[in-house]
Amino acid sequence: MCRYLKSAVLFVVMGVTIDSHGQTPANDSELQRILSKVRENYATSSAWHFEHKITVEETEGTGPAVKLAEVSLITANRVAPAKSAGVTAAAFCAERCRLESNTAERGTTTLVRDGTTTWFYASTRGEYMKGSTLRDIASSVSGPMLLAVHLMPLENLGAEAWTDVRLLDDGVLQVDGEKRDCFVIEATLKSNGFSVDSFRPGQPPPAPDISMFSTPSGLIQLFQMQGLTNLPSPGAYLAAAGAAPARTRLWIDKERYLVLRRSSTQTATKIGSVAPPQSTPQPLAPVEVSLRIEDVFSRAQIADAVQGSVFTFEPPAGSREIPNVRTRAPQTPAETGR
């Protein structure tokens with residue numbers, strides 16, 4: 001998994017395969033134009049600043065929706081244009097960046113590179129560390145996973161993973177303090193990621209692929225690994241056997257061709273265990289649930305609109321500095337990179 005995450009964060013948005021089934025030639029042409037503009041924006045920008053809130057909910061049968069996670073993210077990056085290959089390029093956090101997440105349970109964690117120093121701060125502990133490089137403040141496991149949390153929501157832009165793409169009615173969203181007219185596009189993901197029927201007793205699990213993190217079940221697994229969920233016990237969400245692929249709807253700014261909202265749904269099987277106080281964990285019978293992601297942007301800026309102030313950091317008053325990864329004694333084989 002760690003090896004996969006390291007390669008996943010280097011994944012670059014590529015072409016979109018359009019299935020024109022059910023589309024008129026005019027609609028298909030318009031879809032191609034819109035998606036081409038979106039790809040161009042995300043694939044060529046050398047600076048970007050996104051702020052958005054991701055909510056993941058599950059519904060079992062006719063019961064009420066249960067919130068699994070609500071994570072606010074700030075993802076910003078600036079790199080010399082000559083080194084840039086887009087929002088999901090290997091140049092991510094190579095020069096200046098800000099990766100910030102906030103949840104009610106975990107507080108705020110912030111990683112900032114200001115061009116000279118790399119900082120990492122956790123509000124719940126009131127601690128920060130600093131160093132010269134990303135490796136100075138993040139282990140070989142936590143670094144790629146942190147990058148993945150911020151990159152994967154931006155990967156779901158049709159990286160050769162969509163089918164049955166449809167242009168729906170227009171929409172209006174409030175972003176950056178302004179009303180934005182949007183194209184609304186709906187698509188089916190070609191893959192549901194890991195599914196229940198892909199696991200066989202006595203056989204190794206299937207190799208992960210980029211599609212799993214584009215699904216609600218994959219994203220909630222990624223959030224679980226980073227402790228960004230409301231889940232009180234270990235568990236897993238897999239695509240239900242025989243279930244239809246996840247469906248995604250995007251709101252795209254008509255003027256700037258940036259994604260301003262994403263909504264995804266998937267039928268999944270929940271497996272895991274619960275651990276009541278002072279007792280042995282008890283296995284839970286698998287149960288089928290409906291998962292839903294709402295990803296709403298309050299800021300979406302690229303290029304010259306990105307302000308340098310987002311790449312600065314001052315340790316909050318009362319916080320204390322702790323040794324960074326390179327200067328403290330290794331705690332685990334993962335931290336040593338073995």
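Helices and strands here are DSSP runs, a helix having at least four residues and a strand at least two. With that settled, I counted five helices and 14 strands in the chain. I note at the start that this is a predicted model.

**Entry: the whole chain**

I looked up the overall numbers. The chain has 338 residues, and 49% of them are buried. Its accessible surface comes to about 15,900 Å². Carbon and sulfur atoms hold 52% of that surface.

**Entry: the disulfide**

How many disulfides does the structure hold? I found one. C93 and C97 form this disulfide, with their sulfur atoms 2.0 Å apart. I checked the turn about the S-S bond as well. It is 90 degrees, and the link of C93 and C97 is right-handed.

Are these cysteines buried or exposed? The cut-off for buried is under 20% relative accessible area. C93 has 3%, so C93 is buried. C97 has 0%, so C97 counts as buried too. I also looked up C182. Its relative accessibility is 0%, so C182 counts as buried.

I started from β5, which spans residues 118-122. Five of its five residues are buried. I wanted to see how they divide between the faces. In a regular strand the side chains alternate between the two faces of the sheet. In β5, T118, F120 and A122 lie on one side. W119 and Y121 lie on the other. Both faces are covered.

Next I looked for the partners of β5. Strand β4, residues 107-114, runs antiparallel to β5 and is joined to β5 by five bridges. V112 has W119 as its bridge partner in β5. β4 and β5 form a hairpin with three residues between them. In that turn, G115 has a positive phi of about 100 degrees.

β6, residues 127-131, pairs with β5 in the antiparallel sense, again over five bridges. I noted two of the partners. A122 has E127 as its bridge partner in β6. F120 has M129. The hairpin of β5 and β6 has four residues between the strands. There G126 takes a positive phi near 65 degrees.

I also checked the cover on β6. Four of its five residues are buried. Which way does β6 run relative to β14, parallel or antiparallel? Parallel: two bridges join β6 to β14, residues 320-321. E127 stands opposite R320 in β14.

**Entry: two nonpolar cores**

Which residues have the most contacts inside the largest nonpolar core? They are I34, F50, L111, I185 and I252. This core has 45 residues. Strand β9, residues 178-189, gives the largest share of this core, with six residues. A second, separate core has 20 residues, including V56, L219, F223 and I293.

I252 is in contact with I34, V38, D181, C182, F183, I185, Y257, L258 and V259.

**Entry: helix α5**

I went to α5, residues 216-225. Eight of its 10 residues are buried, so the helix is largely enclosed by the rest of the structure. The buried ones are P216, S217, G218, L219, I220, Q221, L222 and F223. An α-helix has 3.6 residues a turn, so residues three or four places apart point the same way. Just after α5, G227 takes a positive phi of about 70 degrees.

**Entry: D295**

D295 lies in strand β13, residues 282-302. Is D295 buried or exposed? Its relative accessibility is 0%, so D295 counts as buried. I then asked what is around this residue. Not counting residues up to four places away in sequence, D295 touches H52, K53, I54, P153, L260, R261 and R262. The side chain of D295 makes a polar contact with the side chain of H52, at 2.6 Å.

Terms used. Residues are numbered from 1 along each chain as its sequence is written. This is a predicted model: local features need pLDDT of at least 70, side-chain atom pairs count only at pLDDT 80 or more; totals for chains, interfaces and linings use all residues. Side-chain values use heavy atoms; hydrogens and water are left out. A disulfide is a pair of cysteine sulfur atoms within 2.5 Å. Buried means under 20% relative accessible area, exposed over 50%, partly exposed in between (1.4 Å probe, protein chains only). Two strands pair if DSSP finds at least two bridges between them. A nonpolar core is a set of buried Ala, Val, Leu, Ile, Met, Phe, Trp, Tyr and Cys residues joined through side-chain atoms within 4.5 Å. Contact means heavy atoms within 4.5 Å. A polar contact is a pair of N or O atoms within 3.5 Å; within protein, one must be able to donate a hydrogen and the other to accept it, and residues adjacent in sequence count only if both atoms are side-chain atoms. Accessible areas come from the Shrake-Rupley method with a 1.4 Å probe; for residues, only the protein chains shown count as cover.
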